[in-house]
Amino acid sequence: GETGVGKSQIVRYIHQKVMPKTPLITVDCGAIPKELVESELFGYVPGAFTGANKTKKGKIELANGGALFLDEISNASLDIQAKLLRVIQEKVICKVGSIVEIPLEFTLITATNRDLLEEVKKGNFKEDLYYRIRQMEVTVPSLRENPEIIKQYVDYFVRFYNAKYVATFSVSEEYLSCMMTQPWPGNVRELDSEIQKTVFAHSIGEDYRKFIRVPQDEQGLGYRVYHQEREKILSALKKHHYRVSETAKYLNMKRTTLHSRMKKFEIGV
């Protein structure tokens, strides 16, 4: 799945459902400096290298009896891939600086934002490792591929951040429409961040709308019209010192109509 679609959250969910009492050890294969990858994964013994003055367990050994999650495995070097393949096949590791084999048993879960088969064809990923880890494959769609799920995420994140910030932000049709028409290149991670800003702004009395990124494509037209109409009414109210009758007359609409629009746009007096 693409970056930000929630692969790590899905892994945690699976772990909690299937083996909640066992460890889940996560390794971001792209975040560890190359010179430290082997010692981080396999651990080391005293004297293995300068500064190694005690025995240390690696991530793989810590996952013994539980699950090992290799995130963005496509970022692992070919050398590390070869060593991972041996671990998966033989279920043993050797710490850096040692020849003693340590037997292990763990469930392996991997994730990537690339097409691994394409990486195999390019020579960037070992073919035998690819077929070893591809026993069960789950593709997580991006938000633009699965827009109907956006509402569920919006509801979840609004509840979460309302609780966190002791806020009472509610999802209006206009707000949901805005969220549904965004492209979300950063997927769930980006949506999470935007909703957090919205709810926090609401919790401190700020107009959350100024924190919303207005869509720039034709799909965002409905929201832009909504925003422009709200600003027009709000400006007229301020001009007439929030006197509803005078404002309605100025806007050439009935008083009841103005009240209805104010409710729609969440404008209080």
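Predicted model: local features only at pLDDT ≥ 70, side-chain atom pairs only at ≥ 80, totals over all residues.
1. Helix α7 covers residues 150-164 and helix α9 covers residues 187-203; their axes come within 9 Å and cross at roughly 45 degrees. That angle makes α7 oblique to α9, and the crossing is right-handed.

2. Next, look at who touches whom. On the α7 side the contact includes Y153, V154, F157 and Y161, and on the α9 side it includes V188, L191, I195 and V199. The residues of this contact divide into 10 nonpolar, two polar and two charged.

3. Now turn to the largest pocket, with a volume of about 1,200 Å³. Its lining counts 37 residues, and T110, I133, M136, E137 and V138 lie nearest the centre. By type, the lining divides into 19 nonpolar, nine polar and nine charged residues.

4. Which elements each supply at least two residues of that lining? They are α1 (7-18), β7 (107-110), α5 (116-122) and α6 (127-133). Helix α1 gives the most, with six residues.

5. The second largest pocket has a volume of about 520 Å³. It is lined by 25 residues, with V5, G6, Q9, Y153 and V188 nearest its centre. Two or more lining residues come from each of α1, α7 and α9, and α1 has the largest share, six residues. The lining divides into 11 nonpolar, eight polar and six charged residues.

Terms used:
Residues numbered from 1 in each chain as written. Heavy atoms only, no water. Axes fitted to C-alpha atoms, helices over the stretch in contact; angles between N-to-C directions. Helix = DSSP H or I, 4+ residues; strand = E, 2+ residues; numbered from the N terminus. Parallel < 35°, antiparallel > 145°, perpendicular 65-115°, else oblique. Left-handed = near helix turned anticlockwise from the far one by under 90°. Contact = heavy atoms within 4.5 Å. Nonpolar A, V, L, I, M, F, W, Y, C, P; charged D, E, K, R; others polar. 1 Å grid on protein atoms, 1.4 Å probe; cavity = no way out; pocket = protein on both sides within 12 Å on 5 of 7 lines; lining within 4 Å. Points joined across faces, edges and corners; volume = space filled by probe spheres on them.
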